[in-house]
Amino acid sequence: MLDRLNEAMAHVERHLDRRVDVAELARIALTSEYHLRRMFSALAGMPLSEYVRRRRLTVAAAEVVAGERTLLDIAVRHGYGSTEAFTRAFRAVHGVGPGEARRTGAVLRSQQRLSFRLVVEGSSEMRYRVVEKPETRLVGWRARVPLVHEGMNPAIVAFRRELDQAAAARLAALSDQEPAGLVDASDQLDESREEGTELDYWHGVVTDAEVPDGVASLTLPAGTWAVFETSGEFPAAVQHLWRDVFTQWFPANPYRSRTGPEISRTRISADGTHVDAELWIPVERTAA
């Protein structure tokens, strides 16, 4: 998988002077566009589109400084329809406009070429199982919240604090399958997975029971789920497991993520410092 990602990155380099076709990159990487975008964002820490933009403007900056072409020629060469559009994009990356960079020798920013390689860190292992589930529903309460990668999410904390605990207990009684009991789910995530982008946060149960009044429901399509387990400090253990699934497990296993909510089942200690958790990720097998 990593070799195929590196081939896709080489394709990007060969096509920086034209529109980069994400569908073609996904074909090279032997995956779907959806999974490629999510995988790239998890591994690189930025959206694929942002990486391409930064690389394109890194190459363009060298041409600007060389002074052999007009700024309009350089703009058109790198896919911008006008010097104004090129100037805005150039300034967003480098902090100065191309005219100023050419005149003053300003400090510019370089986006290095990305390459992916396997790094062995310690002797830890990931515990997981693969589960096939028919179509079912997630029933509960929903809120639109920002994505937070590290530490507590204040929006989720505030949302959970406002929930009626008696109603939550009644809802928990409807749980009739795995993952058992009250769970949390993330749905409609931005493909970039950048800090601060919004997602639908759910708190409820997975059930085939009738939906009670006052709660919403989300269909969980039939399919395969990879289930991961972890124990450790809360919330770091859960957040690190989420990261490791996309940066370590997927590259090493013949699966890719499929569209659907990501569900976590957490059991937090009375003092709020320790957690035992399961993470349910919708997946599908990749072609052999």
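A pocket, in these notes, is an open set of grid points where a 1.4 Å probe fits, with protein on both sides within 12 Å along at least five of seven lines. I'm working from a predicted model.

**Entry 1: the largest pocket**

I looked up the volume first, and about 1200 Å³ of space lies in the largest pocket. Then I asked myself which residues lie nearest its centre. I found Val148, Ile156, Val238, Gln239 and Trp242 there, out of 43 lining residues. By class, I noted 19 nonpolar, 14 polar and ten charged residues in the lining.

Which helix gives the largest share of that lining? I got H10, with seven residues. Helix H10 covers 236–252. Other elements that each supply at least two lining residues include helices H3 (33–44), H8 (154–162) and H9 (165–172). Strands E3 (183–187), E4 (198–207) and E8 (262–268) are on that list too.

**Entry 2: Asp244 in H10**

I stayed on helix H10 and picked Asp244, which is found in it. Buried or exposed, I wondered about Asp244? Its relative accessible area is 15%, so it counts as buried, the cut-off being under 20%. Leaving aside neighbours within four places in sequence, I see Asp244 in contact with Met126 and Trp249.

**Entry 3: strands around E8**

Back to E8, one of the lining strands. I followed its pairings both ways. E3 and E8 run antiparallel, joined by three bridges; in one of them Asp184 is partnered with Ser264 of E8. E8 also runs antiparallel to strand E9 (residues 274–285), here with six bridges. On that side I noted Arg265 with Glu278 of E9 as its bridge partner. E8 and E9 make a hairpin with five residues between them. Gly272 sits in that turn, and I read a positive phi of about 75 degrees for it.

A reminder to myself: most residues other than glycine have a negative phi, and most peptide bonds are trans. So I went looking for exceptions.

Two cis bonds went into the notebook. One runs from Glu178 to Pro179, with omega near -10 degrees, and Pro179 lies in the loop between H9 and E3. Another joins Phe234 and Pro235, with omega about 0 degrees; Pro235 is in the loop between strand E6 (223–233) and H10.

Leu30 lies in the loop between helix H2 (22–28) and H3, and it is exposed, with a relative accessible area of 55%. Gln188 also has a positive phi, about 60 degrees, and its place is the loop between E3 and E4.

Definitions and conventions: Residues are numbered from 1 along each chain as its sequence is written. This is a predicted model: local features need pLDDT of at least 70, side-chain atom pairs count only at pLDDT 80 or more; totals for chains, interfaces and linings use all residues. Side-chain values use heavy atoms; hydrogens and water are left out. On a 1 Å grid over the protein atoms alone, a cavity is a set of points where a 1.4 Å probe fits but cannot get out, and a pocket is an open set with protein on both sides within 12 Å along at least five of seven lines; lining residues have an atom within 4 Å of a point. Grid points are joined across faces, edges and corners, and a volume is the space filled by probe spheres set on the points. Helices (H or I, at least four residues) and strands (E, at least two) are DSSP runs, numbered from the N terminus. Ala, Val, Leu, Ile, Met, Phe, Trp, Tyr, Cys and Pro count as nonpolar, Asp, Glu, Lys and Arg as charged, and the others, Gly among them, as polar. Two strands pair if DSSP finds at least two bridges between them. Buried means under 20% relative accessible area, exposed over 50%, partly exposed in between (1.4 Å probe, protein chains only). Contact means heavy atoms within 4.5 Å.
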